[in-house]
Structure formats: C-alpha cells, structure tokens
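Please open the model in a viewer and keep a selection panel at hand.

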Amino acid sequence: MAIIDAIAAAHGARLTIDLSAIAENWRRLGAQAPHITCAAVVKADAYGCGLAKVAPVLWGAGCRTFFVAHASEGVTARSVLPEAVIYVLNGLVPGSGPALMAHALRPVLGSREELDEWAALRAETGRPLPAALHVDTGMNRLGLTISEALALAGDPIIAAAGIDLLMSHLVSAELPDEAINRRQCEGFAQIIRAYPGIPGSLANSSGCYLGDGIANDLLRPGYAIFGGNPTPGRPNPMRPVIRLEAPIAQVREVKAGDGAGYNARWIASGPRRLATLSVGYADGYPRSASGRGHALVGGVPCPIVGLISMDLVILDVTDAPAARRGGPATLIGDALDVDSVGRAAGTIGYEILTNLGSRYVRHYVGSID
Ligand SMILES: *Cc1c(COP(=O)(O)O)cnc(C)c1O
C-alpha cells in the first residue's frame with residue numbers, strides 16, 4: 001500500500017477538495033429548476049472548502065449570485081469575484097455599512113431599522129447599492145414578520161433601500177413531510193404577491209428537492225454544492241467533494257485489559273492491533289467521534305478507540321491487514337461521507353465541513369475548465 005506523500009506526512013492529515021465536483025454539484029442543483037437562476041451560498045469559507053478557490057470555480061460554471069454570512073466574507077468574495085452579485089445574509093450589522101458600501105455588497109435587510117439605515121447610507125454615499133429583504137416565515141431568527149412585510153409593501157422605504165430581492169429561509173427543508181414547509185411556502189407566496197416585480201428566493205439545498213412552489217426565482221443552495229446530502233434518508237444525488245486522509249504514525253499490539261488513550265476510556269477485550277493516526281481534534285476532526293467514528297484502512301472500516309486527542313486518533317486495525325506505519329487512513333471519503341461522519345460525531349455534516357481546519361495540507365484537484 002502507498003505511503004502517504006511527503007507533504008501530507010509533514011503536516012499530519014491531507015484534505016483533498018475536488019473543484020470539478022463542486023461545479024458539477026452546483027449544475028445538478030440548478031437542474032432541479034432549470035427555468036430559474038441558481039445562486040451559491042459560500043459562507044463560512046465556502047463551507048470550509050476555501051472561498052478564494054471555490055468562488056472562481058462557481059463563477060466559471062456560470063454562477064453570478066453569491067451569498068455569504070458576514071461582510072468580511074463578502075470582502076474576501078469580492079476580491080475574487082469582481083463582477084458578481086454578493087448578498088450578506090446577516091444583514092446590516094451595526095458598523096458594517098462602510099465595508100458593504102466599499103465592496104459593493106448587498107445586505108439582506110431584516111428590520112425597519114436596517115431598512116432606514118441602509119436607505120440613509122445610499123442617500124449619503126451616493127452609491128445606490130441594492131439590498132434584499134428578509135421575511136421570516138417561521139424560523140423566528142432574522143427578518144420582518146409576514147405581517148410587518150405586508151404592511152411595508154408599497155411603502156417608499158422599499159425603493160429608498162433599493163430592495164431587489166425577497167428572501168425567506170426554510171425551517172425543515174430536509175424533512176419533506178413536515179407541514180411547516182407548505183406553510184412557509186404559502187406565507188412567502190403572499191409576500192411575493194404583495195411586492196410585484198421583485199424576485200423571490202426561498203430554497204436552500206434541501207429546498208431544491210421539495211418540488212414545485214418552493215423554487216420562486218432564485219435557488220440558494222450551500223451544503224449540497226460541497227457534497228452534503230440534500231435528501232437525507234435517500235441516496236445522495238451529489239458528487240463527493242472532500243477526502244480526508246491521515247498517515248499512520250505507529251502500529252502496536254495490545255493485550256486483553258490494556259487501555260488506550262487519555263483516561264483509558266477503551267480497554268482491550270482481547271489481543272488487538274492499534275494504529276495511531278497523525279490527526280486530532282485540533283485539526284478539526286470532531287472529538288465527539290471518540291469511540292463512535294471509523295476510518296478506512298485499505299478499505300476496511302476500523303473503529304476509533306478511546307478519546308480522540310488534540311493531535312492523534314487511535315484506531316483498532318485488527319481486521320485491517322494493510323495497516324502499517326506511513327500508510328494512509330481515510331477519515332472522510334468513500335463509504336465515510338460527510339453526513340455519516342457527522343452522525344458518528346453526534347452532529348451534522350454541515351458542522352464537519354465548516355470545522356475543517358487550516359492545519360490540514362489542502363490539495364485541490366479537478367481544475368477549472
Ligand atoms: C446557510 C443558508 C443557506 C444555505 O443552506 P444549505 O442548507 O447549506 O443549502 C441558504 N439561506 C440562508 C438564509 C442560509 O443561512
């Protein structure tokens with residue numbers, strides 16, 4: 001079996017990110033509603049995959065509208081996407097106005113205060129930048145309530161704030177049978193009717209698979225672009241994007257009764273072979289996968305034993321004859337997709353992606369065509 005390459009060996013784990021899979025996933029999501037536009041949500045450093053690398057690839061695939069969470073992420077996006085439309089989901093956070101204006105970023109406004117402040121900034125600066133209006137149809141998180149938004153329809157503040165997009169966010173899009181999906185759809189349809197001529201956007205990744213009525217004018221997926229399954233419980237229609245491999249630093253034999261790792265949380269029930277990987281929670285691999293997660297060695301699933309340390313993970317490789325010093329173990333990839341790794345760590349794949357650390361040596365494959 002191959003020895004992991006020298007660069008990865010020097011760093012610990014190697015994270016491979018497939019840029020062509022990212023472009024292909026964005027196209028597949030857009031094909032769910034071919035008559036409308038598909039944007040891309042690239043917040044949190046493009047879900048941990050690297051905004052500066054990913055955004056130009058999406059632009060090359062035809063994406064023209066991007067969403068980030070913070071103004072600072074918008075500034076990074078702008079530096080690689082000079083012509084794109086970029087919306088900032090968290091809105092006009094007090095103090096962020098100058099950065100938004102300077103980099104032509106469009107806040108997603110969610111309150112009367114934000115509308116007033118943005119309108120004032122547009123008038124003062126002479127930069128009449130558009131903005132989106134966030135309507136909260138059930139999340140109770142950000143945005144005007146449906147009745148507030150209906151009351152503001154036709155109000156001069158809407159034009160003064162340059163509203164060019166209506167937006168709402170789904171509470172349970174990944175659970176297609178939840179009644180709230182239909183209620184949010186109906187609530188948002190009321191808003192669309194009250195604001196004629198302004199396009200609407202409701203669907204996140206899972207929303208793209210909820211069928212008619214959700215699509216409106218602009219799809220807004222994030223997670224699925226990066227390989228996450230937008231249809232949990234059903235086969236993943238996306239191509240995998242990331243692969244995480246760590247080199248085996250040492251292999252040892254233990255006997256019945258021997259413990260492994262901090263506080264000896266795992267005790268060998270018989271003679272076992274253990275492999276210690278050069279990766280840990282400080283790299284972004286979740287400590288909560290201790291005693292629950294797996295890694296693949298030569299294709300064989302090997303359980304993680306004991307507590308995950310800051311820089312090391314211990315595997316039981318008794319059933320994996322390929323395990324040897326310097327050989328690779330796959331922590332994410334093949335049968336271990338981000339959704340299943342998230343489940344094993346008691347969380348969701350979203351958190352696995354967004355915690356991918358800067359300590360990994362990052363290897364981008366599948367160049368932009
Ligand atoms: C993160 C986010 C999205 C993208 O959601 P995914 O589930 O990652 O596709 C869309 N809209 C809003 C408001 C978001 O916060």
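Which helix gives the most to the lining of the largest pocket? It is H11, with three residues. The model is a predicted one, in which local features need pLDDT of at least 70 and side-chain atom pairs count only at pLDDT 80 or more, while totals for chains, interfaces and linings use all residues. Residues are numbered from 1 along each chain as its sequence is written, and side-chain values use heavy atoms, with hydrogens and water left out.

**The largest pocket**

Select His169, Asn204, Tyr223, Ile348 and Tyr350, which lie nearest the centre of the largest pocket among its 35 lining residues. Two or more lining residues come from each of helix H3 (43-47), helix H11 (338-344) and helix H12 (349-354). Helices (H or I, at least four residues) and strands (E, at least two) are DSSP runs numbered from the N terminus. The space in this pocket is about 800 Å³. Its lining divides into 16 nonpolar, twelve polar and seven charged residues. Here Ala, Val, Leu, Ile, Met, Phe, Trp, Tyr, Cys and Pro count as nonpolar, Asp, Glu, Lys and Arg as charged, and the others, Gly among them, as polar.

On a 1 Å grid over the protein atoms alone, a pocket is an open set of points with protein on both sides within 12 Å along at least five of seven lines, a cavity is a set where a 1.4 Å probe fits but cannot get out, and lining residues have an atom within 4 Å of a point. Points are joined across faces, edges and corners, and a volume is the space filled by probe spheres set on them.

**The cavity and Arg141**

Next, select His134, Val135, Asp136, Thr137, Met139, Arg141, Leu142, Ser168 and His169, the lining of the largest cavity. The volume of this cavity is about 30 Å³, and its lining comprises three nonpolar, four polar and two charged residues.

Arg141 sits in the loop between strand E7 (131-136) and strand E8 (144-145), and its 56% relative accessibility makes it exposed (exposed is over 50% relative accessible area, buried under 20%, partly exposed in between, with a 1.4 Å probe and protein chains only).

**Helix H7**

Move to residues 112-125, helix H7, whose 14 residues reach 20 Å from first C-alpha to last. Its buried residues are Glu114, Leu115, Trp118, Ala119, Leu121 and Arg122. They cover an arc of only 160° around the axis, which puts them on the same side of H7. The face turned away from that side carries the exposed residues Glu113, Ala123 and Glu124. Just after H7, Gly126 takes a positive phi of about 65°.

**Two loop residues**

Finally, select Asn263, in the loop between strand E13 (259-260) and strand E14 (266-267). Although not a glycine, Asn263 has a positive phi of about 60°. Then select Asp334, in the loop between strand E19 (328-332) and H11; Asp334 has a positive phi of about 55° although it is not a glycine.

How values were computed: The expected span of a helix is 1.5 Å times one less than its number of residues. The arc is that of the directions from the helix axis to the C-beta atoms.
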